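Subject: Structure handover: cores and ring contacts

Hi,

My notes on its packing come after it.

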Amino acid sequence: MITGYLLKIPEEYKIWFLKNIKRLIIPHIAWFGSITILTGDHGLKRSLCFILGARNIGGVYWYVPCLIFSMLVFIIIEKEVGGGKMTYLCILLLYLFSCIYIFLPFKERSYNITFSFGCMSLACTYIGIGYTVRKFGLLRYRNSRPVIGLIVLILLMTLILYKSGIYKYNMDMAGLKLGAPILNLVIPGGIMILLINTIPLLRGKVGFFLSELGRGSLCIMYVHKFFLNNIFEKVLGVEGFIWIVNVIITVALSYCVYKFISQNNIFRVLFNGGS
């Protein structure tokens with residue numbers, strides 16, 4: 001949803017493609033090649049799977065192709081279909097399709113396809129919601145602290161209920177496990193509202209730290225899985241510690257890699273889209 005919130009509809013498709021080739025596709029290829037060399041897990045089959053969809057090779061390689069394709073689909077809907085009510089109708093239909101997709105008989109056969117219909121349709125829904133919120137200036141509150149507190153409370157309760165086993169919310173877009181239809185909107189929507197209303201309040205060192213994480217988010221996304229698989233499991237011989245420790249350690253290590261990359265102009269273009 002944040003992607004949609006930040007999305008600007010381009011006037012020319014060519015400029016949009018060139019921008020995203022530099023910002024997303026070049027780092028996508030560079031990280032795949034580098035991590036493949038480091039792990040020694042290479043071969044023609046793995047490379048073909050990467051080109052065709054990357055879903056069955058593990059990691060986060062499915063994300064960028066799916067993101068670009070979903071953004072493109074939404075941009076076409078907004079620009080060519082007519083915008084306004086037609087855009088909202090298309091978003092609704094895409095979301096309904098994502099809800100019934102998991103029951104369709106051909107779902108498993110499309111698992112290795114990057115642009116699998118269920119994942120793409122849900123991603124387009126999120127982009128459409130975020131774009132609409134930004135377009136009409138929704139969900140920003142003058143007195144945002146009570147709203148922030150309420151959303152944090154709801155998200156914490158959701159997490160506690162999940163960890164305690166009272167209910168299972170199995171949301172995994174990479175594996176086409178699309179969770180519960182209502183919670184698929186409530187949880188990401190709550191996080192989006194939280195971010196929209198919290199970020200303007202942040203100043204000083206906290207704001208600087210979060211902006212740094214934002215600039216290095218692409219690098220962190222690719223590297224964190226490498227550290228999880230090759231340090232926790234292979235070197236330490238464990239799957240990990242409690243989840244919050246995993247998050248802190250892997251983000252810290254990944255951020256160090258980002259800072260190293262950001263010192264070199266070539267590395268910055270290759271691995272972090274030039275930012």
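Below are the nonpolar cores, then the aromatic pairs, then the charges over rings.

This is a predicted model: local features need pLDDT of at least 70, side-chain atom pairs count only at pLDDT 80 or more, and totals for chains, interfaces and linings use all residues. Residues are numbered from 1 along each chain as its sequence is written, and side-chain values use heavy atoms, with hydrogens and water left out.

Cores

A nonpolar core here is a set of buried Ala, Val, Leu, Ile, Met, Phe, Trp, Tyr and Cys residues joined through side-chain atoms within 4.5 Å. Buried means under 20% relative accessible area, exposed over 50%, partly exposed in between (1.4 Å probe, protein chains only).

The largest nonpolar core has 31 residues. L7, L24, W31, Y61, M71 and Y222 touch the most other members. Six helices each supply at least two residues of this core: α2 (13-39), α3 (44-52), α4 (63-81), α6 (117-135), α10 (217-233) and α11 (243-261). Helix α4 gives the most, with 7 residues. Helices (H or I, at least four residues) are DSSP runs, numbered from the N terminus.

Y222 touches P27, H28, W31, I35, V60, Y61 and V64, not counting residues up to four places away in sequence. Contact means heavy atoms within 4.5 Å.

Aromatic pairs

Rings of Phe, Tyr and Trp (its six-membered ring) pair if their centres lie within 6.5 Å; planes under 30 degrees apart count as stacked, over 60 as edge-to-face and the rest as tilted. By this rule there are 10 aromatic pairs.

Take F32 and Y61. Their ring centres are 5.3 Å apart and their planes at 90°, so the pair is edge-to-face. F32 lies in helix α2 and Y61 in the loop between α3 and α4, so the pair ties together parts 29 residues apart in sequence. Both F32 and Y61 are buried.

F267 and F271 are also edge-to-face, because their centres are 6.1 Å apart and their planes at 70°. Both lie in helix α12 (residues 265-272), 4 residues apart, about one turn of the helix. F267 is partly exposed at 33% relative accessibility. F271 is buried at 13%.

Ring pairs link W31, F32, Y61, Y222, F260, F267 and F271 into a cluster.

Charges over rings

The rule: NZ of Lys or CZ of Arg within 6 Å of the ring centre and within 35 degrees of the ring normal. K79 lies over the face of Y13, 5.7 Å from the ring centre. The charged end of R134 sits over the ring of Y5, 5.2 Å from its centre.

Best wishes
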